[in-house]
Amino acid sequence: MTLLPTNTSFAADEGLRSELQKAGVFVVSLEWVYNWGRKSSIWPLGFGIACCAIEMICTAAARFDLSRFGAEVFRPSPRQADLMIVAGTVTKKMAPQVIRLYNQMPEPKYVIAMGACAISGGPFKQGYNVLKGVDRFIPVDVHIPGCPPRPEALLHALMTLQRKIENQRTLGSDARRTNPAYRGENRECPIPEFGEHDLVPPYNPEVWKPHTIVREA
Amino acid sequence: MTPINPDQLIVQLTQWALSFLDSYPLVAVLVAILLSTVPLIAVFPGCFAITTWLERKGLARIQNRIGPNRTGPLGILQPAADGIKMLLKEDIVPKTSDRLAHFLAPVVLMVPAFTILSVLPFNRNMIPAAVDTGVILFFALGSVSTLAVFMAGWSSRNKYSLLGGMRAIAQMVSYELPLVLSGVTVIMMTGSLDTTKIVAQQQLSEWIQSSNAGLQCLGQIIGWNVFTPWGFAGFLIFFVASLAEINRCPFDLPEADSEIVAGHLTEYSGFKYALFFMSEYVSAFAINGLSTTLFLGGWSGPNIRPPWSDDPNALLIPGFVWFFAKMFALMLVMIWIRGTLPRLRVDHLMGFAWKFLLPLAIMNIFVGGFYYYAPRWHGIPVVGWPIGFLVMYLSYECIGRLNRGPKTAQRVYHYAS
Amino acid sequence: MSTETIAPREYQIYSGDDLRTNVLEISMGPQHPSTHGVFRMDVSLDGETVVKLKPVFGYLHRNHEKIAETTSYLGSMPYTDRLDYFCSMTNNWAYALAVEKMAGLAVPERAEYIRVIMAELTRLQNHASLVGFLTNDLGASGTPLLYAIREREHILDLFEWASGARMMCNYMRFGGVRNDLPSGWLAQCKKVVDDFPAFMDEFETLLTGNEIILSRCQNVGVLPRDLAINASITGPCLRASGVDYDLRKVDKYGIYDRFDFKVPLGSVGDCYDRFMIRLLEMRESVKILKQALATIPEGPVNDSKARNFRPKPAEAYGRIEGPKGELGFYLVSDGTPKPHRYHVRPPSFINLTVLEDMCLGQKIADAVIVLGSIDIVLGEVDR
Amino acid sequence: MLGIGILKGMVVTAKNFFGSFVNKRLLPTIQYPEAGNSVTLFSRNIPFLVYDNDEDPLGTMRCVACKICEKECPPQCIYIVMEKDANGKPAKRPKVFDIDISVCMGCQICVEVCPFESIKMDSTFELSTPDRFEGLLLKREHLLKSNTYFHKIHPDEAQEVDDRLAAKQKKPAPTPSTPAA
Amino acid sequence: MIDLAPILAKFPPVKHDAAANALIVPQALALEVAKWLRDDPAYRMDYASNVAGVDTLPVEKKTKVKQPDGTDKEIVTKKPGSMEVVYHLYSMALKHGPITIKQVTTRENPVVTSLTPIYRGAEFQEREAFDLYGIQFEGHPDLRRILMWDEFKDFPMRKDYVEPDDYEYEPTPHDAVLAKAKAHYPKASTSTEAAS
């Protein structure tokens, strides 16, 4: 195994790599090692909100076994977690705490919105106390639809996240541009306040870009 | 050139290497130091990695799961992935924390954890620091970890951390007593604080030096302290107290995750957390190494003399194999316990140390004394053994009953008509 | 019986001249490993002793009642699944029962049997997982919980087979159940029920005699009988305090009067009793299931007339013995297709009334297991 | 004797440890994705629209855009616009049929109320996506699946539906009616 | 069915609502009635199972009545709105029930008597009714918001509550939502559906 700490583009290496592999030489870039480490050891925050949390626990249990992916270490403290699985309805009363937890996690950190409620408010979106999607306040990496999603859907989302991590740039100057975790800027999301009728502000404009679908009635 | 002795191969190699530096005594000393410390620093983190893997796989199997299997064959590279990830994690220091103490705590925990390893004899003539007062040094340095845990708890400026730190102090100070007292019996019997002498005392040298292979094997086993009543009781007390000393389940109160989140570790992230994690495992190795040395015959194990060797002390299997095997066996028991037991409550924990383990350890000292002076028949403790065993069993039962009292009992339930 | 409410005791902090202590206030939750979801306890500690404990709710208040008042009667059925997400079947049943009571609908014989079977399976998996969660609160690293979930999967498979979903079954309908059981279901159910006692034996060997569990659960969080009645505690918590009140016996709703089962009662009312009562109730549920599976008749499973009913102005309160206690639905109809008032009486919410009483003077670790032994599900507490 | 309970518990866990190597019951793990998944022939997750002829999905879709499901859907995740032909007359099929699966709770009520057997439940679950909107808003094209597929995922139910439809063929086609409640 | 006649006889101001088979208890008497129900050996209603607030909007019903002279006359019947608190009482000792008692109050100034001094079990449910309906419970030991945050000003379960306008970006909007959403959407392009 040759270690090639390379700053050149990963994609450009791809051809060379496969050719070398044919010749029996396995070239591993430092970046690959980094990303492999990060994707193989995703420790989730032990944080369940509602129904989906039960399916999350089932995923960790014998039948589905999240630990095969090295991700069964549910850390109670956000400081040691890499992944926040928002498993359940985020209410407006709960939203500030969710954002606070997200802020407390060290970079690089990921968020999976598990289930309809976390993505958009889901079946409860008509409720006055329900946040219409956790992505109004924090950036979400993977969304899992379903109510609740099957445990395998969570595994599928974890693999989707792993693919995303694989393709992230961690080294070199362009890593700073493409990978927000290495941008070095303060990624703390502002925490909304409890207002008289609603959260103030109702969403974080930096994270949430309102998506409009225009229809004729 | 002496014939190759598999048991002493590393020692011979070291001596051979050092023989080149005979003319530069100062350099020789430095190299000797390096040769005895570097392996420690290299081997034990490796052991730590294997143990975390074992723990995750073992716990998984206990819980009917498979465990990590995506990273390398059987997931063996999982610790590597964890390590790489931890290295890359952001290091968060809370704004209000005491920065210096927050930084120092993992270091203060790690340094003694590695240092105490140096008084353990891994093999014959293989001890990094042959100190006459090895056991004392071990306990003295080992208790520094209490300070580190409290530093972590205090400096984080987090209420959960503080509670964890407080619990850690109370727990570690209390359990130090039964831990040391159960070791005292061994020291009494050996008459020495030197760990090498303690191991040597557990070997029947005339059997080992006989020409019968069976006797050679047996001679390495039969003398272990754990096969005496005081040794057995002492070993159990020592093992239980050591669980508490290194915050393992069921005594993991300082980081009780269902009560106080992660206790003193709540505010630690990234590499500092990894250091904490590693130091705790290295302390676990150290304390298991000591209980191996004190009660399980140290590096001795079923072994025979190599047929080509004339050296009466030569052995076929290097002693450190047995040493590590025993140490890992104890680690596995710890994992097994972790997979089974819930946690104690803080007042039960203290009660258990002061009201149960401590009297038992003191009783054990008396039994040890009696065993030492009891008349023997052809060197076999025909009086000391059964009486000592009986006394220990009775005191276990009595102290157990006194502690349990009428408060907890199996209940009978009835049904509504 | 006293004439006044039994008020919470005050815990006296030791305040002698020789020792001054300050109260440490910590807020456990809403994200905390032990709170079974997003529940918060504002705890004041004297050392490690709880001197004040105020529960804070609403972190999962997702407006179930308001949404139900803007949806048709049938449209609320899937929402009831999400109340107590462990027990969607019993929630369905309670809601269906209330509507049937209000609209005067009858349920076919076979549907009644299916309901009983589903409800008792629900009770089995709920109690098994609760005991698992309780041991997690006690600090076990998940082993009993995962054994419980291993067994729960068998029951969830049955639910999925019958209704299509593992957890959110949405299976019961007004006047019956949605669809008949698939062929082979009953045989598989028999197998699961027959295997269950073996798991319970294993579970009891693992837990009930364990000295650590004994010492941590016994005489912790004692709930006196009078207080339990006065504070409207229901379910296993009430019966652990020695009150014989099981709606399956009292109301005899459905067809529970046809089955032979007993109601286990505790004597002390502590965490250990609550824990044991659940284990014993599981044994009784297995008994009911065996009887129901042996005697289930053939026939229709729903009332075809019930499909397009329009209720008259009326009100009804329907309640069943859910695994967590009395689950009631209070419905007021004003003649429109939507309920005028839809109120849930969630057992775990009301069982939390006495949380402070049980925790005062105990250690903080006890507060965690007292909460665990009440068996709350936040979907139901906050709705 | 103190400690017996603990030892008994440890025996139980040891049995499970060793049992997991020999007993299938004690190692129930389905290694998704390599060894399949636990989806059964009865599982439901999100709805899909059925068409009959594999050649002509749009022509043979059963949906007539009666909007009953849109009205009855408890979380209101369905949006239907009926297609109009050149003369502005309704063409009895949807021009737009969107299901927002980020809202759908898979309750199956749309299936129950549909008088044309045109909307059924799918058991697919591998839907996770980083794309919040485009990835989770299923349009008519995504939702249309053939009856053959329906037979594949839910054979019993599909057979029942086919029988029912065949019986109905003999009788005149039903008129869409809005059920009360 | 429990015989309610002795209660009506003992407390004349208590009315019987035949439709719901409930007792309508005036506020002043509520505590006394509840205490009597709890302690009377024939009733022993020791268990307050359920407490619910009910809000009814005033209804204005316009009906056209044909006058004898052939013209239509519009008759406006007004039903005033009301705020009710409903208690379902059971007996654990005698295993019977329920007795439903209601306290009726006005929508404008909803004040009722708290039964928490008699039944601890009503404590959280009354707090919930206060939180969601704004009903004041006199004599409640700890009347704070329970489900919503403290700063919240509205009473969301009331029928005339207007929720904050925050699901305007829904991909599958419907009637009311669509109307609201139109205010937020940019001016419609000609295409029927255009993703942003």
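Me: Two strands pair if DSSP finds at least two bridges between them. In this predicted model, what makes β6(E) and β7(E) a pair?

Reply: Happy to walk through that one. β6(E) and strand β7 (residues 96-105) of chain E share 8 bridges in the antiparallel sense. The cut-off is at least two bridges, so they count as paired. Within this pairing, E:L89 stands opposite E:I99 in β7(E). The two strands form a hairpin with 4 residues between them, and there E:K95 takes a positive phi near 55°.

Me: What makes β3 of chain E a partner of β6(E)?

Reply: Strand β3 (residues 47-56) of chain E is joined to β6(E) by 9 antiparallel bridges, and at least two are needed. Here E:V54 faces E:E84 in β6(E).

Me: Why is strand β6 of chain E called largely enclosed?

Reply: A residue is buried when its relative accessible area is under 20%. In β6 (residues 82-91) of chain E, 10 of the 10 residues are buried, so the rest of the structure largely encloses this strand. Both faces take part: E:S82, E:E84, E:V86, E:H88 and E:Y90 point one way, E:M83, E:V85, E:Y87, E:L89 and E:S91 point the other way, and all are buried.

Me: Over in chain D, why are β4 and β6 called edge strands?

Reply: The open sheet there has 3 strands in the order β4-β1-β6, with mixed pairing. β4 (119-122) and β6 (144-146) of chain D each pair on one side only, and these are the edge strands. β1 (residues 46-51) of chain D runs parallel to β6(D) over 3 bridges, with D:V50 opposite D:K145.

Technical notes
Residues are numbered from 1 along each chain as its sequence is written. Chains are lettered from A and ligands numbered from 1 in the order in which they are written. This is a predicted model: local features need pLDDT of at least 70, side-chain atom pairs count only at pLDDT 80 or more; totals for chains, interfaces and linings use all residues. Side-chain values use heavy atoms; hydrogens and water are left out. Buried means under 20% relative accessible area, exposed over 50%, partly exposed in between (1.4 Å probe, protein chains only).
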